[in-house]
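This report describes the overall fold of a protein and then turns to its aromatic contacts.

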Amino acid sequence: MSQTTPFTGGLYVITYGCQMNEYDSDKMASLLEKTYGLKLVTEPEEADVVLMNTCSVREKAQEKVFSELGRWSKWKAKKPNRIIGVGGCVASQEGKVIRQRAPSVDVIFGPQTLHRLPAMIDEALRVRGDDSIKKKKAVIDISFPEIEKFDNLPEPEVNGVSAMVSIMEGCSKYCTFCVVPYTRGEEVSRPFEDVMHEIEVLASQGVREVNLLGQNVNAYRGEMADGEIADLAVLMHAVRTIDGIDRIRFTTSHPNEMTQSIIDCYGEIPELVSHLHLPIQSGSDKVLAMMKRNHMVLEYKSTIRKVRALRPNLSLSGDFIIGFPGETCDDFKETLALVEELNYDRSFSFIYSERPGTPAAGFPDDEPMEKKKRRLFMLQEVLNKQTLAISEGMIGTVQRVLVERLSRNSFTEVAGRTENNRVVNFEGSPELIGQFVDVEITEGLTNSLRGKLVATPESDTHVAPQYHSL
């Protein structure tokens, strides 16, 4: 790593995709600040190093990458010493294409090699300064060195009271539509003690809530110091004992990994929020089989019933793919019926887009796009109505809110989040930041709630969230 910095400007990072990418981007910023003293800036024109952390789950996200690189190339023409880097899943999948389509890019790195970024930048600077090298190609490393990156990243540092912690990476499910196993590799879990250490450090910095992350986070199998293997349930039971951590989330889960031990956590761990993001993708068994999801709708519904038996007010969210090759009108109706039966909250839905290299890319697809768009519109109408009904049902209830910051709307207000991840603005002093308080919900808005403070300081007794009309 560099002992002195060759840069005088700052660092700009743009992130596409999921919470895993947000976590990785934070780690990139910490690493480059430690190595080069680079501080984050809000405008790319002000930066000496500009990085893009990409996602290739959807085609539109992938095209955004090349569109953004076109703009950055123009800026680089005015400032040739600027370093441009592309990381993440698009880099892993399309590294050679990026080299060809965007010759201004200096470094290309995958999700598992972001810890090698300083060495790659050093190499790019060396190549750039060597006049004997006539054709200066981007430095590229899109390999899968498994868990190595976590051993080479700086100690976690946060400024807020909520933090994401990556506990496993990759996917071994190989759904026919998904490119993640090819861009992030197969499932690899971090050692149990490493995860616990990171969370302990975060708690010492004032973090009260952790969100455990993974492509299939409930597939976590971390080795312990004694050689035993800890699953997600064992990990969550351990995390709840860390002084200061009073709220636990986990994202994203696979239905096949919702073991009974994880389900039992909803009855055993009050710190675990009454929220579950559990993607199903389709309500049709036929489509699920074509997707190679390896479970049926009845099994998925059984899991939800078991969790709701322990947490009746569970907030459920999911992912839905519309227009998968071979999906018929009857298949779509089954998806619609599932959504109406289970009452989802704040879910993600989109039209299937072909991902190169995946089995589904070769499936025949005769359905016109207009029909797929109509189906998506119908599904999103139902999902949006359910989300609104849940928000309106929260009016008059008392919610346990973790106060995170000052409100963006008023100097006399603070803002925090409920267990089902809704932002609430209410009158309060800055001293409340970092505390759990009881807030009565008075108004439901499009993207947030308003409320009034009911009780503080914090109560040691966990009160299950209340909703009306569920």
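## Fold and aromatic pairs

The protein exposes about 20700 Å² (Shrake-Rupley method, 1.4 Å probe), and carbon and sulfur atoms supply 50% of this area. The model is predicted: local features need pLDDT of at least 70 and side-chain atom pairs pLDDT 80 or more, whereas totals for chains, interfaces and linings use all residues. Residues are numbered from 1 along each chain, and side-chain values use heavy atoms, without hydrogens or water.

Twelve helices and 21 strands make up the secondary structure (DSSP runs; helices H or I of at least four residues, strands E of at least two). Of the 470 residues, 54% count as buried, meaning under 20% relative accessible area. Among contacts (heavy atoms within 4.5 Å) between residues at least 6 apart in sequence, 73% join residues at least 24 apart.

Eight aromatic pairs are found in the whole structure; ring centres of Phe, Tyr or Trp (its six-membered ring) must lie within 6.5 Å, and planes over 60 degrees apart count as edge-to-face. Two edge-to-face pairs are tabulated here.

| Pair | Centre to centre | Angle between planes |
|---|---|---|
| Tyr12–Trp72 | 6.3 Å | 75° |
| Phe177–Phe324 | 6.5 Å | 85° |

Tyrosine 12 belongs to strand β1 and tryptophan 72 to helix α2, 60 residues apart. Tyrosine 12 is buried at 15% relative accessible area, and tryptophan 72 is buried at 0%.

Phenylalanine 177 lies in the loop between β7 and α5 and phenylalanine 324 in the loop between β15 and α11, so their pair ties together parts 147 residues apart in sequence. Phe177, Phe324, Tyr352 and Phe363 form one aromatic cluster.

Terms used: Buried means under 20% relative accessible area, exposed over 50%, partly exposed in between (1.4 Å probe, protein chains only). Rings of Phe, Tyr and Trp (its six-membered ring) pair if their centres lie within 6.5 Å; planes under 30 degrees apart count as stacked, over 60 as edge-to-face and the rest as tilted.
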